[in-house]
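Please read this report with the model open beside it. It moves from the whole chain to single residues.

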Amino acid sequence: MVMLIVNLLWTKAVVSTQSTGGRVSSLHAIAETLLCQTNEATIEVFKIKNTEEKEKLMKRKRKKLTKSGSADEDTVALSVEEEILHAKIIKCSHKLRSVSVRVHKKGGLRLCGMYNNNKIQSYHVAAGNYEQTPSASLELLGHRADVRAVKFTSDSSRVLSVSEGSAKLWSCKTQHCISTVECGSATCVVLAPGDQYAILGTKKGTLELVDLDSGSLLTSTPAHSACIWDLAMQPDTRGFVSGSADKQVKFWEFVLVDNNIGEKRRLGIKHVKTLQMTEDVLSVSFSKNNKLLAIALLDCTVKVFFADSLKFFLSLYGHKLPVTSMDISSDSTLIVTGSADKNIKIWGLDYGDCHKSIFAHDEAVMSVAFVPKTHLFFSVGKDRKLKQWDADNFEHIQTLEGHHKEVWCLDVSGTGEFVATSSHDKSVRVWERTDEPLVLEDERETARELQYEQSLVASQTTTIPGESAEHEAESAGKKSMETVKAAERLMEAIEVYRGDKAVEEEYKEALEKDKTAPPPDRHVILTTLNISGSEYVLDVLKKVRASELEESLLVLPFHYVSDLLILLNEWLLCELAVELCCKCTFFLLRVHHNQIVANKMLINVIDSLNKSTARVVKRVKDLIGFNLAALKFLQLDHQDTSETFFKDFSGKIKDVKRKKRAVLKITGS
């Protein structure tokens with residue numbers, strides 16, 4: 001049906017939609033109905049006339065032409081506008097991303113649309129008048145915007161995620177959304193003691209207190225005149241601090257406030273004091289012993305103050321770009337900072353000395369967090385990766401990949417069993433620690449192989465050997481670990497062939513001296529497969545992928561190429577894998593032309609290859625030509641024996657049409 005409609009629209013005319021300024025993004029044809037999804041919040045419905053309706057319309061047009069006598073009745077045809085009629089415009093609540101439609105068992109159509117705000121809506125479209133009725137919707141399962149902050153509850157059973165417009169509490173066990181609270185454009189979050197209340201910092205500088213149990217917003221307190229970038233809970237859980245782009249760090253404490261009459265008192269917040277800074281505040285963090293407060297500023301430095309007196313203690317500087325996140329270890333001896341300069345620095349809090357600077361991510365580091373009661377920490381960045389590090393040995397432990405876009409933040413549960421990350425792909429991922437042992441040597445070996453493969457691709461010469469670089473003739477393949485491994489397997493097979501050939505020569509010399517000499521022990525691979533060394537090399541060469549063959553041959557040293565040319569000559573003489581052998585021969589001759597010409601040992605081999613390739617290729621060409629001629633003969637024979645009456649049948653159709661018109665004239669008269 002869709003092919004028919006596309007053909008009609010392509011060859012005859014264009015059916016115009018009635019949407020203003022929108023374009024059609026997809027077509028859906030089902031049950032004599034054509035649905036056009038536009039890039040706006042509309043779906044246009046067109047009705048396709050069935051065969052009976054078309055016949056009735058054709059009769060009317062013929063009748064009109066007969067009365068007017070203006071044209072021949074044989075030229076009567078329906079236009080696309082007459083076959084496809086605009087029926088209705090279905091208006092949706094938001095712009096559509098995709099649409100699916102099927103026939104409903106009770107009549108009409110069932111339409112399902114996915115909106116660009118991550119909502120799915122189902123409609124029932126009635127037959128005839130095409131009136132739509134919303135039947136179901138899924139709109140509370142995920143965020144509509146980027147998740148900017150995540151926070152685990154104290155028992156690590158739930159995780160809170162906040163974004164622009166909503167805060168959602170999720171169950172780590174069932175992965176279901178427990179409650180949703182409408183809020184402002186949240187950028188950071190902390191949980192009050194008891195995990196019933198949460199405090200959100202917004203872009204407008206307000207602090208919003210929400211009740212997670214009832215899913216309601218309790219208060220919205222104007223706290224700063226600019227965006228609040230970070231919130232940090234005090235270790236004694238009596239209050240928290242907020243850092244903002246208005247260059248202020250404000251201290252808040254929890255209080256109990258009176259609620260409505262007859263209800264229990266609820267939690268509230270109260271401003272205590274303010275610390276004025278010289279630059280925008282990007283991140284704040286308390287030491288676990290509640291003695292120090294670290295503040296990251298826009299001037300790429302981290303200022304450390306005494307938490308009780310707010311006197312200056314240390315200044316940590318060294319990052320080239322501003323620090324986006326930081327965290328202090330559980331024993332309050334180390335602080336780790338992540339910056340937009342892609343580096344992570346580990347500092348000592350005793351003297352403010354930098355223990356180590358690590359190039360951690362390929363893009364900006366967005367968040368760092370220590371694992372409780374350890375010196376292990378996690379980091380995330382815009383390179384979509386979650387990495388684990390050891391702050392004592394300065395080692396990279398593992399890399400976890402899963403997000404499809406930039407990762408904004410992370411949080412580690414109080415037990416250290418879970419890690420939550422949020423990303424620009426609007427998803428929240430929870431990572432669980434397993435009992436499987438992690439071998440650092442294996443992880444390092446994997447990282448080295450990946451780095452080596454990337455260096456191979458970056459440093460390779462893509463110009464085809466034998467071609468000038470001026471013409472920019474590039475190879476279709478690329479050097480990778482697979483091509484290197486294929487070349488290594490080929491070199492190992494040639495080594496096995498050399499050893500087997502040497503053993504055979506020694507055995508022949510021993511037989512000349514003593515005819516009762518025992519046969520030698522062959523290579524274990526050749527003995528197991530019961531093949532010769534030459535056959536083993538051919539088997540390995542056949543297993544190399546066609547896309548990796550040239551790159552693998554290019555890696556081979558010349559002393560292996562000499563043996564391979566001898567083997568190729570031997571295989572061509574026996575007419576084994578002719579196409580593969582010719583391809584390898586021509587490529588090696590083109591790449592190593594100068595060395596082959598200068599090598600006197602290969603003169604006889606090249607001469608034999610010249611003769612054998614010409615003979616074998618001519619024979620294969622004749623065989624292919626014979627087979628093609630045979631196939632053409634079979635095709636002609638099949639056409640002669642088969643009975644086709646396309647011309648006669650078309651003539652019969654014309655006769656039937658004439659008879660019908662004659663009958664119509666008689667009845668009309």
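**Basis.** This is a predicted model, in which local features need pLDDT of at least 70, side-chain atom pairs count only at pLDDT 80 or more, and totals for chains, interfaces and linings use all residues. Residues are numbered from 1 along each chain as its sequence is written, and side-chain values use heavy atoms, with hydrogens and water left out.

**Overall make-up.** The protein holds 13 helices and 33 strands. Both are DSSP runs numbered from the N terminus: helices are H or I with at least four residues, strands are E with at least two. Of the 669 residues, 40% are buried. Buried means under 20% relative accessible area, exposed means over 50%, and partly exposed lies in between (1.4 Å probe, protein chains only). A contact means heavy atoms within 4.5 Å. Among contacts with a separation of 6 or more, 44% join residues 24 or more positions apart.

**Two open sheets.** Two strands pair if DSSP finds at least two bridges between them. Strands of a sheet pair through backbone hydrogen bonds, either parallel or antiparallel.

| Strand pair | Bridges | Facing residues |
|---|---|---|
| β9 and β10 (residues 158-171) | five bridges | V150 and S161 |
| β20 (residues 292-297) and β21 (residues 301-306) | five bridges | L292 and F306 |

Helix α7 (residues 533-542) is mostly covered, with seven of its ten residues buried. These are G533, S534, Y536, V537, L538, V540 and L541. What covers them? Part of the cover comes from α5 (481-513), α6 (524-529), α8 (549-555), α9 (558-573) and α10 (578-591).

A nonpolar core is a set of buried Ala, Val, Leu, Ile, Met, Phe, Trp, Tyr and Cys residues joined through side-chain atoms within 4.5 Å. The largest such core has 37 residues, of which L490, V537, L553, L564, L565, L568 and W571 touch the most other members. Elements giving two or more residues to this core are α5, α7, α8, α9, α10 and α12 (603-641). The largest share, nine residues, comes from α9.

Follow W571 next. Leaving out residues up to four places away in sequence, W571 touches S534, V537, L538, L541, L564, L576 and C581.

W252 lies in strand β17 (residues 248-257). Is W252 buried or exposed? W252 is buried, at a relative accessible area of 5%. Beyond residues up to four places away in sequence, its contacts include L207, T221, A223, Q234, F240 and V272. K270 is 18 residues away along the chain, yet the C-alpha atoms of W252 and K270 are separated by 5.4 Å. The side chains of W252 and S242 form a polar contact of 3.0 Å. A polar contact is a pair of N or O atoms within 3.5 Å; within protein, one must be able to donate a hydrogen and the other to accept it, and residues adjacent in sequence count only if both atoms are side-chain atoms.

Q234 sits in the loop between β15 (228-233) and β16 (239-244). Q234 counts as buried at 15% relative accessibility. With the same exclusion of residues up to four places away in sequence, Q234 touches G239, F240, F251, W252 and F286.

**Cysteines.** How many disulfides does the whole structure have? The search finds zero. A disulfide is a pair of cysteine sulfur atoms within 2.5 Å. For C227, the nearest cysteine sulfur is that of C188, 7.3 Å away. C227 is buried, with a relative accessible area of 10%. For C581, the nearest cysteine sulfur is that of C584, at 6.8 Å. C581 is buried too, at 0% relative accessibility.
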